[in-house]
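Subject: Two-chain model for you to look over

Hello,

Here is the structure we talked about. Please open it alongside these notes.

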Amino acid sequence: MILNKLSISYKCQSSIGNSLKLEEMIKEVLVTFLEETEAIYGSFYLLENNTPQFILSMGKKIDCKIDALLDKFIENEINICKYDDNLNLFLYRLEKGLLIFIYDESIDLHVIKSILESLRKKLNISINSCLNVKDLEDKNLKLNSLTINLQDKVNEAVILNKKKDKQMFEQMKMAQMGELIGNIAHQWRQPLSIISTVASAMKLKKEMDILDNKDFFDYTNKIVDNTQLLSTTIDEFSDYIKETSNEKEILIQERVKIAIKIIESSFIMKKIKIIENYMEKETIYFKLISGELLQVLISILNNSKDAFNDKSIENKWIKYSVKKEEKSFLITIEDNAGGIPPDILDKIFNPYFTTKHQDQGTGIGLYNCYNIVSNHLNGKLYAVNTLHGVKFTINLPYQIS
Amino acid sequence: MLFEYKEKGFIMNINFKYFNNQESFINYATNKEVKYLIFVASSTNILLENFNKENIKIYGAIFSHLIYKNKLYEKGLISIEISEELNLSFIKNTRDYNFDDCKYSQSKSIITVFDGFSENTENFLINLFENIDFNTNIIGGGAGVLEDKTKKVLFNNEGFFSDSAILLFLNKKIKSSSKYGWEYLSGPYIVTSNEKNLLKTIDYIDALELYKDVVKEDCGLTLTKDNFSDISKNYPIGIIKYTGDEILRDPICFENGNLILIAEIRANSIVNILKGNKNNLINAASEGAKEALDENSNLAIVFNCITRKTFLEEDFEKELDSIYKEIKTNNMIGVITVCEIANKGNKYINLLNKACVIGGI
């Protein structure tokens, strides 16, 4: 019955190419061919590089001597030969594979042969597609493994860089501290001198027996006030240098003034005038890890101070301001040191970028400032050239207390 | 009943007997060294503790009816002694069975009874086919009763089991046949939409509507939920195979316009709607008996589908007579099954339905 043969042909055709995994695809083909054509055995060998590779078999368990069979068939033809007295062997060579079926001798193989012959092109395309997908999967796997290796190396490099950053930052901080100690020494000179003078005066008056109660309290009050001043300087300095991860609430205006106080003596020595351009009257509180904002302010101030090096500028100044806006507040530091060349302005916050001599600059200072402002304080740090020099702006959001 | 079969010096003793109840079997089974395969009619009361109390080793299966000689029994049991020449495997769960462990795959024949309503039946039979020798014959049938499809129908001394099977290995070739006798009514049609055992459309027409029309034209009756199984048993669906043979599938009910068959059907299959004719069925069984039994046959073993019995009604024993007259020794046993199997090893295995399978030993 022709309709039946057509139906079998259609069922066999429909079973091809339903998966892009070779084993799955061939399994469906073999199951259908076996059930529909009454074969008792079916198997598939992949023939790549002339080496037969067994993929799978269905039906009776038969050990096909594949190497011996390969000599038996003519390429690209369906070959039918005797398996034993009662069984016929059906060899179907494809571009990259060999399908083997075994039938009882009572089964007419002519129609099966023509059905399978009509499926050759589709089988070849489907097998090739599966092999291509497998090839792609293998390549992807290799690529993934390379990517993982690369990722590992990048991670290692990042860790190494962070370590290096930390080392450089420590070095930078130590250098800054040397400079700050000079500042402290300068700041301490005046109160120490007052304490020394007052103490000497007290001693002299006592020796002359003219130290009355009023003098005594005046002198001791002056000593207490000045020792308090010394103590405050130490607190401020220690706030800057101590490593801590505890957050505390600070008053922004006060913190800016502390930063100015810490660096002001070195500015005075370089004849750089420090001008308070605007100071917000309304208090601004901000919660941060103690010392972080000071680090940023001192780094920017020092950067401005260094910008005056080797430049013959009269009336050197830096101006600072603290100003509230609707959703954030701004701390600005502007100098009149001539500005930053436009071609490098967008690079100044990059790590290891410096225009200073290698003995003086590490390229880590402004990078660290940027990191603190954007990542720790959730704000923005940017620099723009002005008429006279450069203006750094720290834009910090209000915090909901 | 004891007979001895001799072939090229090989002797096989198969001792079988019918009992009308468990008690009479227990009284008979006095030799405690012997193991028994027993086929039990579903209305027979069986208590495992009674076997265990008497230390009788049994492996059994429950069927709706038994065949002993040319008679149909709805009560009783048939025992087969497992002599040294026979080997038996009781598979508690066919899903877990590893055929690599099977010691008897080289046997010449296998008689199997299995849970006829297990979803794993087809997989199990394919595995069996694939793992046994080239020329090993398989005959057998599905145990169970239509009234309770979830009933555990296989048992041994440990208890009752579902999804299970019994394999009886013989070192003697069984001649076998499987016949239907259902005649062409309408077709051929192409299965255009299906899902496992759900037949949705035939020739792009709603399968249930087409089936109903064909049946109504033949017998004048309209199929409804209530009369469906009574009428559809006379109108099976035949799937035409490459060799021209037909595999039959019973429509057992319908749902949402789809016909539900007793086993799976493949998309794009060519099918005919068949109809029953009592004489044809009986003649087919007779033909099958002639094919499977010859002058050397000492025992006929029959696995006959329950739908043939319900279709033939009182004429069913005529079918049994037609088989019985072909066995010269008058030794005939059998069971009424829910599905059947007959494979000579020369074609891919197919689960049968509505067939009369006869084995001649």
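Strands here are DSSP runs of E with at least two residues, numbered from the N terminus. With that numbering, B:Y204 sits in the loop between β16 and β17 of chain B. One caution before the rest: this is a predicted model.

**The two chains**

Chain A has 10 helices and 12 strands. Chain B has 8 helices and 26 strands. Of the 401 residues of chain A, 42% are buried. For chain B, with 361 residues, the buried share is 58%.

Chain A exposes about 22700 Å², with 53% of that from carbon and sulfur atoms. Chain B exposes about 14700 Å², and there carbon and sulfur atoms supply 43%.

Contacts were also sorted by sequence separation. In chain A, 64% of the contacts with a separation of 6 or more come from residues 24 or more positions apart. In chain B, 76% of the contacts between residues at least 6 apart join residues at least 24 apart.

**Backbone points in chain B**

Most residues other than glycine have a negative phi, and most peptide bonds are trans. B:Y204 has a positive phi, near 65°, and is not a glycine. B:Y204 counts as exposed because its relative accessibility is 73%, and the cut-off for exposed is over 50%.

B:D203 lies in the loop between β16 (198-202) and β17 (205-206). B:D203 also has a positive phi, about 50°, without being a glycine. Its relative accessible area is 31%, so B:D203 is partly exposed.

Next, a cis peptide bond. It runs from B:G187 to B:P188, with omega near 0°. B:P188 belongs to strand β15 (residues 183-195) of chain B.

**A buried strand in chain B**

Which residues of β10 (residues 137-143) are buried? The count is 7 of the 7, so the strand is largely enclosed by the rest of the structure.

β10(B) pairs with β9(B) through 7 bridges, and the two run parallel. One bridge to look at is B:D115 with B:A143 in β10(B).

B:G141 has B:E340 as its bridge partner in β25(B).

At 63% relative accessibility, B:D100 counts as exposed.

**Salt bridges**

The structure holds 26 salt bridges over all chains.

A:K11 and A:E36 meet through their side chains at 3.0 Å, N to O. A:K11 lies in helix α1 (residues 2-14) of chain A and A:E36 in helix α2 (residues 22-37), so the pair ties together parts 25 residues apart in sequence. A:K11 is buried, with a relative accessible area of 5%. A:E36 is buried too, also at 5%.

B:D294 forms a salt bridge with B:K175, and the closest N and O atoms are 3.3 Å apart. B:D294 is in the loop between α6 (278-292) and β23 (300-305) of chain B, and B:K175 is in strand β14 (residues 175-179), so this pair ties together parts 119 residues apart in sequence. B:D294 is partly exposed at 23% relative accessible area. B:K175 is partly exposed at 38%.

B:K200 and B:E195 meet in a salt bridge of 2.9 Å, N to O. B:K200 is partly exposed, at 24% relative accessibility. B:E195 is partly exposed, at 47%.

There is also a network. Salt bridges with shared partners join A:K11, A:E35, A:E36 and B:R266.

**A surface patch on chain A**

A:L150, A:V154 and A:V158 make a nonpolar surface patch of about 250 Å². A:L150 is in helix α5 (residues 120-207) of chain A. A:L150 counts as exposed, at 56% relative accessibility.

Best wishes

Methods:
Residues numbered from 1 in each chain as written. Chains lettered and ligands numbered in written order. Predicted model: local features only at pLDDT ≥ 70, side-chain atom pairs only at ≥ 80, totals over all residues. Heavy atoms only, no water. Helix = DSSP H or I, 4+ residues; strand = E, 2+ residues; numbered from the N terminus. Buried < 20%, exposed > 50% of the residue type's maximum accessible area, 1.4 Å probe, protein only. Contact = heavy atoms within 4.5 Å. Areas by Shrake-Rupley, 256 points an atom, 1.4 Å probe, with all protein chains shown as cover. Patch = residues over 30% accessible without salt bridge, like charges linked within 9 Å, V, L, I, M, F, W, Y side chains within 5 Å. Salt bridge = Lys/Arg side-chain N within 4 Å of Asp/Glu carboxyl O. Pairing = 2+ DSSP bridges.
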